[in-house]
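Keep the viewer open as you read.

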Amino acid sequence: MIIVKDLSVDRLDKKIFEKVNLSLTSGNITILKGKNGSGKTTLLKAILNIIEPSFGSIYWKGKLLKKNLYDFYNHVTYISDKTSSLKKLTLKDNINIWKRFFCSNINNSQIETALKTLKLENYLNQKVGTLSLGETKKLEFLRLIIENKSVWILDEPLSNLDESSIELMKQTFEDHCAQEGSIIFSSHQNPGIYVTEEVNL
Amino acid sequence: MKFFNKILFFYYREYKLNISGFQDILTNIIFFFVSIFIFIFSVGPNKETISVIGVAIVWTLLLLSSTLSLKKFYQDDFENGNLLIIHLNGFSYGFIAILKTFSHFLFVQIPFLLSIPIACILLNIESDKLMYLLVSFGIGSLTLSCLGSISSSMNLMNQRNFLLGSVIVMIFSVPIIIFSVGIINMEENFNSLINILFGILLIVFAINPWASGLCLKLSLENN
């Protein structure tokens with residue numbers, strides 16, 4: 001599905017990384033590992049065509065990504081290391097906005113189940129700004145279920161999560177791959193998740 | 001159909017955000033009216049003087065008040081990553097700029113449009129001039145929203161100096177002020193001045209998606 005070939009990125013005449021290769025097919029998980037500042041987020045953004053690579057190419061379904069960009073965007077969900085939930089609004093409002101904005105087919109009972117699994121069901125009428133970092137992070141993951149797309153690109157998904165939430169994420173990753181989905185995620189630690197490819201930056 | 005739904009729910013999102021931040025809109029309008037009072041107190045109680053310069057005061061304060069809201073044009077969505085999410089949902093940068101411009105017009109400029117009649121009473125502006133003022137502001141405010149979009153997107157690349165964007169808006173809004181105030185004072189030339197205002201709007205509206213889109217792209221790339 002995604003092939004990254006000899007990708008290099010320079011910013012302000014500084015080499016961030018060079019000649020990175022990876023391939024992601026359905027049912028696979030790729031992890032990007034490296035220290036802080038090694039270019040994990042930059043690589044994810046380059047794959048999303050947000051950052052222009054200085055060398056190399058990215059392919060989606062056999063075609064150059066740039067020529068197939070909006071088809072790629074139709075299949076990808078990106079969760080950044082920032083809190084994209086609108087802090088002034090309640091959880092319920094955020095979920096409603098996402099559901100409608102992403103034209104999601106997910107029904108209310110599926111969302112209720114997901115909220116219970118993430119232990120967020122009691123905060124529905126609470127403003128996102130009042131939640132803890134970990135709870136906000138879990139709310140971000142709800143977008144994965146709402147968008148219901150096949151490729152997940154996640155930037156440091158396990159940071160700020162407690163052990164039980166990390167276990168839950170591992171299970172979610174396995175379930176997604178079992179349904180022919182694929183995941184690229186970055187981490188500076190060893191998350192203990194079975195991965196099919198490891199890219200060290 | 002799916003794309004139109006996305007646009008519709010983009011505005012639902014903007015509506016929810018603006019309702020939750022209603023105090024910001026209210027503050028802008030309060031600023032507008034407090035500034036009118038300051039002008040009235042400084043000019044003095046002479047009705048005729050206030051009536052003559054009233055339209056110019058309204059337009060100047062509308063411009064200043066609308067520049068107050070420019071900081072929030074893209075900033076929040078840029079910082080929390082929503083700009084990127086909206087782009088990944090199939091909207092090009094230029095199209096996001098158009099959508100946000102209309103959102104600014106609807107949720108920031110329209111409340112001013114509604115408060116103009118009250119301002120006219122305070123400044124003793126004749127009721128027959130009100131219609132001209134509303135028409136000129138209707139066109140001029142959309143032009144200001146387009147200029148605001150350009151300057152706010154430029155500000156994303158220059159986080160240190162917010163005032164620079166406001167200065168750009170104010171410089172480029174000089175022609176809008178000239179022709180908008182001119183409409184009210186030269187009623188016999190109404191059609192030709194409205195056409196000029198409309199022409200300025202079309203030029204800025206055409207430049208907006210290109211300029212703002214490019215700035216959004218560059219700022220996300222360098223974030």
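A:Asp81 is partly exposed, because 17 other C-beta atoms sit within 10 Å of its own; the scale calls a residue buried at 20 or more other C-beta atoms within 10 Å, exposed at 12 or fewer, and partly exposed in between, with C-beta atoms placed from the backbone. Before going on, some housekeeping: this is a predicted model, where local features need pLDDT of at least 70, side-chain atom pairs count only at pLDDT 80 or more, and totals for chains, interfaces and linings use all residues. Residues are numbered from 1 along each chain as its sequence is written, while chains are lettered from A and ligands numbered from 1 in the order in which they are written.

Back to A:Asp81, which you'll find in the loop between β6 and α3 of chain A. Helices (H or I, at least four residues) and strands (E, at least two) are DSSP runs, numbered from the N terminus. Leaving aside neighbours within four places in sequence, A:Asp81 is in contact with A:Asp155 and A:Glu156, where contact is a C-beta to C-beta distance within 7 Å, again with C-beta atoms placed from the backbone. A:Ile58, on the other hand, is 23 residues from A:Asp81 in sequence and 23 Å away in space, C-alpha to C-alpha.

One of those contacts deserves a look of its own. A:Glu156 lies in the loop between β7 and α6 of chain A, and has a positive phi of about 45° although it is not a glycine. A:Glu156 counts as partly exposed, because it has 19 C-beta neighbours inside 10 Å.

Now follow the chain onwards from that loop. Strand β7 (residues 151-154) of chain A pairs with β8(A) in the parallel sense over 4 bridges; pairing here takes at least two bridges found by DSSP. Between β7(A) and β8(A) the chain passes through helix α6 (residues 163-178) of chain A, and this β-α-β crossover is right-handed. That label means that, with the strands pointing away from the viewer, the path from the first strand over the helix to the second runs clockwise. β8(A) also runs parallel to strand β3 (residues 29-33) of chain A, joined by 5 bridges. In β8(A), A:Phe185 stands opposite A:Leu154 and opposite A:Ile31. Strand β8 (residues 182-187) of chain A is mostly covered, with 5 of its 6 residues buried.

There's another sheet to find in chain A. It is an open one of 4 strands in the order β2-β1-β4-β5, with antiparallel pairing. β2 (14-24) and β5 (63-64) of chain A stand at the edges with a single partner strand each, so one side of each has no neighbour in the sheet. Strand β1 (residues 2-11) of chain A pairs with β2(A) over 7 bridges in the antiparallel sense, and A:Ile2 has A:Leu24 in β2(A) as its bridge partner. Strand β1 of chain A also holds A:Asp6, which has a positive phi of about 50° although it is not a glycine. A:Asp6 is exposed, because it has 12 other C-beta atoms within 10 Å.

Which residues of helix α4 (residues 108-117) of chain A are buried? They are A:Ile111, A:Ala114 and A:Leu115. They cover an arc of only 100° around the axis, so they are on the same side of α4(A); the arc is that of the directions from the helix axis to the C-beta atoms. The buried residues of α4(A) pack against α3 and α5 (133-147) of chain A. On the other side of α4(A), A:Ser109, A:Glu112, A:Thr113 and A:Lys116 are exposed.

Next, the two chains together. Their contact takes 22 residues from chain A and 21 residues from chain B. On the side of chain A that touches chain B, the largest share, 4 residues, comes from α3(A). By class, that side has 13 nonpolar, 4 polar and 5 charged residues, with Ala, Val, Leu, Ile, Met, Phe, Trp, Tyr, Cys and Pro counted as nonpolar, Asp, Glu, Lys and Arg as charged, and the others, Gly among them, as polar.

Finally, the largest nonpolar core has 105 residues, and those with the most contacts inside it include A:Ile184 and B:Leu62. Such a core is a set of buried Ala, Val, Leu, Ile, Met, Phe, Trp, Tyr and Cys residues joined through C-beta atoms within 7 Å. Helix α7 (residues 127-157) of chain B gives the most to this core, with 9 residues.

Terms used
Contact = placed C-beta atoms within 7 Å.
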